[in-house]
Every structure is written in structure tokens, then in C-alpha cells.
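Dear colleague,

Please find below the structure that I am handing over to you, with its sequence. My notes on what was found in it follow directly after.

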Amino acid sequence: MPLAGPISQGKKFFCPKCGALYSVTRTQAAKKETNIAKCVVCLQVMDETDSTSVSVYKLIHRPLLVPSQMPSGVAWCPTSL
Ligand SMILES: [Zn+2]
């Protein structure tokens, strides 16, 4: 059974906030501009560059637990009754 293809292009990058796995590839922009890479899962800024070399983040794998979807201000602890 053939696979869809190895994830060989780009380097792997894990979001420091939620642990989502990305494949990062670099591409050249026409002119120098500010590029902000935000995690599509937790919406945190992962990288910010100001050059003609743009990093493209492609989501490969979502984390099992997404911190931003947890109720804020509520300590999630099912054993504290
Ligand atoms: Zn994230």
C-alpha cells in the first residue's frame, strides 16, 4: 500500500506553546517584509522574521491537548473535590 509520501521536505518544528507539529520550508519573497508565523492551533506567535526569506509553516499534526481551548481561570483538576 503506497504512502502519501514521506515528510522529507522542510524541517520539523514543534509549537512551543501547544506542541503542534509543523513542517517548515523557506521561500524567497519579492521584497523585504515582516512575516509573523502564528500557530493555527493555539494562535501564539511562533516566529517573526523581517527579511526576504520567509518561513512557511505547514501544520502536520495537531496536539492532543489544546491549552487555548481550556476554560480560562478554571483550574482543571478532576480530583480536587
Ligand atoms: Zn501552538
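Met 46 is in contact with Cys 15, Ala 37, Lys 38, Cys 39 and Tyr 57, if neighbours within four places in sequence are left aside. Please bear in mind throughout that this is a predicted model. Met 46 also belongs to the largest nonpolar core, which has 6 residues in all. Across the protein, buried residues make up 7% of the 81 residues.

As to the overall fold, the protein has 3 strands and 0 helices, and its pattern along the sequence reads β-β-β. The 3 strands form an open sheet in the order E1-E2-E3, with antiparallel pairing. E1 and E3 stand at the edges with a single partner strand each, so one side of each is left without a neighbour in the sheet. On average, neighbouring strands of this sheet are turned by 50° against each other, direction ignored. In general, the strands of a sheet pair through backbone hydrogen bonds, in either a parallel or an antiparallel sense.

The pairing of E2 with E3 deserves a separate note. Strand E2 covers residues 21-38 and strand E3 residues 45-61, and the two pair in the antiparallel sense over 14 bridges.

Is Phe 14 buried or exposed, or does it fall in between? Phe 14 counts as partly exposed, because it has 14 C-beta neighbours inside 10 Å, whereas a buried residue requires 20 or more and an exposed one 12 or fewer. Residues up to four places away in sequence not counted, Phe 14 touches Gly 19 and Leu 21. The C-alpha atoms of Phe 14 and Val 24 are 9.9 Å apart in space, and the two residues lie 10 residues apart in sequence.

Finally, a remark on contacts in the protein as a whole: among those between residues at least 6 apart in sequence, 51% join residues at least 24 apart.

With kind regards

Notes. Residues are numbered from 1 along each chain as its sequence is written. This is a predicted model: local features need pLDDT of at least 70, side-chain atom pairs count only at pLDDT 80 or more; totals for chains, interfaces and linings use all residues. Helices (H or I, at least four residues) and strands (E, at least two) are DSSP runs, numbered from the N terminus. Two residues are in contact if their C-beta atoms, placed from the backbone, lie within 7 Å. Two strands pair if DSSP finds at least two bridges between them. A nonpolar core is a set of buried Ala, Val, Leu, Ile, Met, Phe, Trp, Tyr and Cys residues joined through C-beta atoms within 7 Å. Axes are lines fitted to C-alpha atoms, for helices over the stretch in contact, and angles run from 0 to 180 degrees between N-to-C directions.
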